[in-house]
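Welcome to this short tour of a structure.

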Amino acid sequence: MPAMPAWLREYQNMAQMQAHTDQTDGKSRRRLWLTVTILALAALAVYVGTFLQVLLAK
Amino acid sequence: MSHAATHDQHDDHHGAPKGFFRRWCMSTNHKDIGTLYLIFSLTMLFVGGAFAMLIRAELFKPGMQLMQPYFFNEMTSMHALVMIFGAIMPAFVGLGNWMIPLMVGAPDMALPRMNNLSFWILPFAFIMMLSTLFLPGGGPAGGWTMYPPLSLQTESLAYAVFAIHLMGISSIMGAINIIATILNMRAPGMDLMKMPVFVWSWLITAFLLIAVMPALAGAVTMLLTDKYFGTNFFNPAGGGDPVLYQHIFWFFGHPEVYIMILPAFGIISEIVPTFARKPIFGYKAMVFAIACIAFLSFIVWAHHMFAVGLPLGAEIFFMYATMLISVPTGVKVFNWVATMWGGSMTFETPMLFAVAFIILFTIGGFSGLMMSLVPADFQYHDTYFIVAHFHYVLVSGALFAIIAAAYYWLPKWTGNMYSEFWGKVHFWNSVIWVNVLFFPQHFLGLAGMPRRIPDYNVAFANFNMISSIGGFLFGATQLIFVGVVIHCAFFSKKKATDRVWEGAKGLEWTVPSPAPHHTFDVPPVINDDELAHGHVND
């Protein structure tokens, strides 16, 4: 298997317990909320994009 | 993996909340919420199943028997909406809730409170949707696709649209939760390419949900404004374009089909290696095949619309793109067979349902391939052939996988073994009657019987009667499943071991049976020998 890029390796290694544990740290919590924010914005973009697409098609 | 004992001792001091309301209504525990999803899904399966029984009763013989045509249309529409959004999808979310944290070594879902909200939205959404049947104008009767202008004539459109919005919000929150859990909560050492295939299948499914559910929400919002606020997005009387709605709907609708089948692929990929006592054949190929199917699902939507009059170039593109899906799907089917090949196989109930899934889903896949051919589709379109096709992939496909998963993980959930005898009675009755129910519908469709009609030509009488008999018996058979589950949960004397199945591998089998209320408060140690798919990077 080809070597994994450093950023992906770091992302993999960050897999840490977030909730119900004493291992939570600020960095992993920020990454969790970054993930959630990006996904929520993506969903919102699809919703708005659907209207834009229809308006442009008309 | 050897940490199971350590964290179990840790778990001893805090179990589930004592009060019913606190435990079930305010739960933030992934196992309890998973159980709630599964109970809800089973309930909706019987509600949708009751609608199906009414449909088959009306179609038992030609002529109008039991109901008015509008009520028949309500039943076909509500049956689909309830089964898709109320039974199949919540069942997979329930399985994901229960098993994903256990499989990746996480203590819970990443966002436990949002998990609670995701579930508790659903009962209200379905109460609202089902209540339309008792309203003066009746419920949605234009099919689950809600094509305008027909759907714009429905009195209860606002209720249906609001219910769909709630279901969509629930699904999107659930999907975000699952992605956040898988990407952020894996135990150290549980690399992405070491995850069980079920977890991979849910990760990809969750991305599909986020990408397409908002498109459905947008489309039905525009329906709402067309009906109540004087817009003309889709209303041809005002210059709108109903075909545009179909494009948007199927941009959601086709990936939705894969949302309902990719987690099933993941389940089968867990069960087959266990009962073949071999690592899954081609782990990476299985993962990439799921990703490939998910990608292709975005570029095939118009194969649902060949008959509306698309440009020839578009029809050819969508035809070939659709055919392409059979390649990664074939990879999966062949890999399941290769996993079984040379294995020390035993056929407990989960394996029986998994083998039936592989065979019957492939039949449904082949009829789908037939319909991808544009010229042939003009004959099949809107006939019972398509009804037979999608019931083969969704009933003997998705539903069989869910039932297989329930039998596979019930001992882990309840701590008791289910009755293997009654499990096998359930299986053989299900597999026989599901074919009696749906196989004749291929012939009806090829002979020209249209779907969504309460009456039909006498030429179709025999196959319809056979199909209805199969339907009644398949429906009754599912009562055996309820009996097996209740017996296993509350009355079974046979205790399950931690590993339950001889060939089972993976983190979920290292915790006791039943799984403690809290697991993996201390991250487990990942041992490659104990992964279901073996050493993938060798």
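## Confidence and conventions

pLDDT is the predictor's confidence in each residue, on a scale from 0 to 100. Chain B has a mean pLDDT of 93, with 96% of its residues at 70 or more. Residues 1-13 of chain B are another matter: pLDDT stays under 50 there. For that stretch the model has 27 contacts beyond four places in sequence, a contact being two residues whose C-beta atoms, placed from the backbone, lie within 7 Å. The model scores ipTM 0.86 and pTM 0.92.

This is a predicted model, in which local features need pLDDT of at least 70 and side-chain atom pairs count only at pLDDT 80 or more, while totals for chains, interfaces and linings use all residues. Residues are numbered from 1 along each chain as its sequence is written, and chains are lettered from A and ligands numbered from 1 in the order in which they are written.

## The nonpolar core

A nonpolar core here is a set of buried Ala, Val, Leu, Ile, Met, Phe, Trp, Tyr and Cys residues joined through C-beta atoms within 7 Å. Buried means that 20 or more other C-beta atoms lie within 10 Å of a residue's own; 12 or fewer makes it exposed, anything in between partly exposed, and C-beta atoms are placed from the backbone.

The largest such core holds 181 residues, and Ile88(B) and Ala404(B) touch the most other members. Helix H15 (residues 384-414) of chain B gives the most to this core, 23 residues. Helices (H or I, at least four residues) and strands (E, at least two) are DSSP runs, numbered from the N terminus. Leaving aside residues up to four places away in sequence, Ile88(B) touches Met83(B), Met260(B), Leu394(B), Ala398(B) and Leu399(B).

## Where the chains meet

Between the chains, 34 residues of chain B are in contact with 24 residues of chain A. On the chain B side, helix H6 (157-184), helix H7 (197-228) and helix H8 (242-259) each supply at least two residues. The largest share, eight residues, comes from H7(B).

By class, this side of chain B has 26 nonpolar, four polar and four charged residues. In this scheme Ala, Val, Leu, Ile, Met, Phe, Trp, Tyr, Cys and Pro count as nonpolar, Asp, Glu, Lys and Arg as charged, and the others, Gly among them, as polar.

## A helix pair

How do H9 and H10 of chain B pack, and at what angle? Helix H9 (residues 262-276) and helix H10 (residues 283-296) of chain B have axes 11 Å apart, at an angle of about 170°. That makes H9(B) roughly antiparallel to H10(B). Axes are lines fitted to C-alpha atoms, for helices over the stretch in contact, and angles run from 0 to 180 degrees between N-to-C directions; under 35 degrees counts as roughly parallel, over 145 as roughly antiparallel, 65 to 115 as roughly perpendicular and the rest as oblique.

From H9(B), Leu262(B), Phe265(B) and Ser269(B) meet Met286(B), Ile290(B), Ile293(B) and Ala294(B) in H10(B). These contact residues divide into six nonpolar, one polar and no charged.

## Backbone features to look at

Most residues other than glycine have a negative phi, and most peptide bonds are trans. In the loop between H5 and H6 of chain B sits Met146(B), with a positive phi near 55°. Met146(B) is buried, having 23 other C-beta atoms within 10 Å. A cis peptide bond joins Pro148(B) and Pro149(B), with omega about 5°.

Phe520(B) lies in the segment after H17 of chain B, and its phi is also positive, near 55°. Phe520(B) is buried, with 27 other C-beta atoms within 10 Å. Pro514(B) lies in the segment after helix H17 (461-491) of chain B, and a cis peptide bond joins Ser513(B) to Pro514(B), with omega about -5°.
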